[in-house]
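Student: I have a new model open on my screen and would like to walk through it with you. Could we go region by region?
Tutor: Gladly, let us take a look together.

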Amino acid sequence: MGGKFAEEKQVFFFNPFTRKKIDLPDLPPDTAFTKFSFSGLPTSEDCVVVGIMNLLSLMEIAVIKPGEDDWEIEDVDFRETDENYPVKKFCLSSNPIFVDNYCYCLDVDGKVAVFDPHDDCENSLEFYGMRLSRRQRYSLIQSFMVESDGGLIAIFLSSYGRIYVLKPDASKKNWVNVEDLGDKVIYLSNGGSWVEKRRVSCNNNRIYLPMLYDNNKAVIFYDLKTQRYHCNGYDFSCTSFYHIKQIFHSVWIKPT
C-alpha cells in the first residue's frame, strides 16, 4: 500500500510485481494518517482499509469500505475518560492488523486497542490491559504485532538486542512468553509484518528483520531458541545489533 501526501492526500494500492495500481479516494487535506492496514486482497469485494493517526491522548481513525467515495473519520479523545476508555493515552507502535474482521492496535507499553471498522469505531473500541513490566518498557525500541492462527502475537525489540515474543493469556489481561514458534517463521519490518509456515525444516524459530550483513549481501535473522542473531552462509553470531546495518524504511513483500 502506498500514498503521495503532498497537497492532495492520495492513497493507493500498488503491486510491485505486476506494476498494477488501485486508487482509493483521497484523504481530507487536513489529516495526517501514518499507519494503515487492510482486511483482505485489494481486489476483493469486502476489502476494508483503515488509517490511524495517533497523538498520545487522541486517536483519529479513517475507514473506507468497498463502493464508498469518502473516508469515514472518527476521533477518540482519551482525556474524556470513562468506563469505556480505561487508558489516558495510547501511542501506536506499528501498523494495525485485522483478525476476524476486527482491527487491533498495539501501543509502546504493550496495551492493545481493538475496534470494529464495519461499525461505529468509537463505540466499539475496547482495550486489553496487557501493559508490559517497567523493566521491559524502558528497554524497548521497537514493537510489532502479527496475526497467527487467528490469534495475536506481539514482538518487542529491546535496546540491548533481546527480542521478546508474547501472546495474550486466556483472560486477555496479561502477556505470556512464546518460547517456541513451532513450524512458523516471522518477518518483521516497519512497513508490514507477517507469520508464515517455514519452508525449510531448519528454519523454525526464526525471526527475519530488515538488517543486513557483509555489505548488504545477506539478511540477518534472530533465533528465538539461541537468543542470538545469525546469518545464512556466514560464520556470524551475536547477541546485539550494534554493528549490524538496519533498514528502518522498509517492507517485506512476496508475490500472491
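**A guided tour of the model**

Tutor: Let us start at a loop: Arg-19 is found between β2 and β3. Keep in mind that this is a predicted model.

Student: What is the phi of Arg-19, and is the residue buried or exposed?
Tutor: Most residues other than glycine have a negative phi. Arg-19 has a positive phi near 65° although it is a residue other than glycine. At a relative accessibility of 60%, Arg-19 counts as exposed.

Student: Which residues form a nonpolar patch on the surface?
Tutor: One member lies in the loop between β2 (9–15) and β3 (20–27), namely Phe-17. Phe-17 is partly exposed, with a relative accessible area of 47%. The patch has about 290 Å² of accessible area together, and its members are Phe-17, Val-251 and Ile-253.

Student: How many helices and strands does the protein have, and what is its radius of gyration?
Tutor: The secondary structure comes to 2 helices and 22 strands. For 256 residues the globule rule gives 18 Å, and the protein is close to that, so it is as compact as a globular protein of that length. Its radius of gyration is 19 Å.

Student: What share of the residues is buried?
Tutor: The C-alpha atoms fill a box of roughly 55 × 45 × 30 Å along the principal axes. Buried here stands for under 20% relative accessible area. Of the 256 residues, the buried share is 48%.

Student: Which residue is the bridge partner of Leu-58 in β7?
Tutor: Strand β6 covers residues 58–64 and pairs with β7 in the antiparallel sense over 6 bridges. The bridge partner of Leu-58 in β7 is Asp-77.

Student: By what angle are neighbouring strands turned in the sheet β12-β13-β14-β15?
Tutor: Here too 4 strands form an open sheet with antiparallel pairing. The edges are β12 (140–148) and β15 (175–177), each with a single partner strand, so one side of each lacks a neighbour in the sheet. Direction ignored, neighbouring strands of this sheet are turned against each other by an average of 30°.

Student: Which residue in the turn between β9 and β10 has a positive phi?
Tutor: Strand β9 (residues 102–106) pairs with β10 in the antiparallel sense over 4 bridges, and Leu-106 has Val-112 as its bridge partner. The two strands form a hairpin with 5 residues between them. The phi in question is about 100°, and the residue is Gly-110.

Student: Which residue in β11 is the bridge partner of Val-114?
Tutor: On to the next pairing: β10 and strand β11 (residues 126–128) run antiparallel, joined by 3 bridges. Val-114 has as its bridge partner in β11 Glu-126.

Student: Which residue forms a salt bridge with Asp-149?
Tutor: Asp-149 lies in the loop between β12 and β13 and is exposed, with a relative accessible area of 68%. The N to O distance in the salt bridge is 3.1 Å, and the partner of Asp-149 is Lys-184. The pair links distant parts of the chain, 35 residues apart, with one end in strand β16 (residues 184–187): Lys-184.

Technical notes
Residues are numbered from 1 along each chain as its sequence is written. This is a predicted model: local features need pLDDT of at least 70, side-chain atom pairs count only at pLDDT 80 or more; totals for chains, interfaces and linings use all residues. Side-chain values use heavy atoms; hydrogens and water are left out. Two strands pair if DSSP finds at least two bridges between them. Axes are lines fitted to C-alpha atoms, for helices over the stretch in contact, and angles run from 0 to 180 degrees between N-to-C directions. Patches are made of residues with over 30% relative accessible area and no salt bridge: like charges are joined within 9 Å, nonpolar side chains (Val, Leu, Ile, Met, Phe, Trp, Tyr) within 5 Å. Accessible areas come from the Shrake-Rupley method with a 1.4 Å probe; for residues, only the protein chains shown count as cover. A salt bridge is a side-chain nitrogen of Lys or Arg within 4 Å of a carboxyl oxygen of Asp or Glu. Buried means under 20% relative accessible area, exposed over 50%, partly exposed in between (1.4 Å probe, protein chains only). The radius of gyration is taken over C-alpha atoms; the globule rule is 2.2 Å times the number of residues to the power 0.38.
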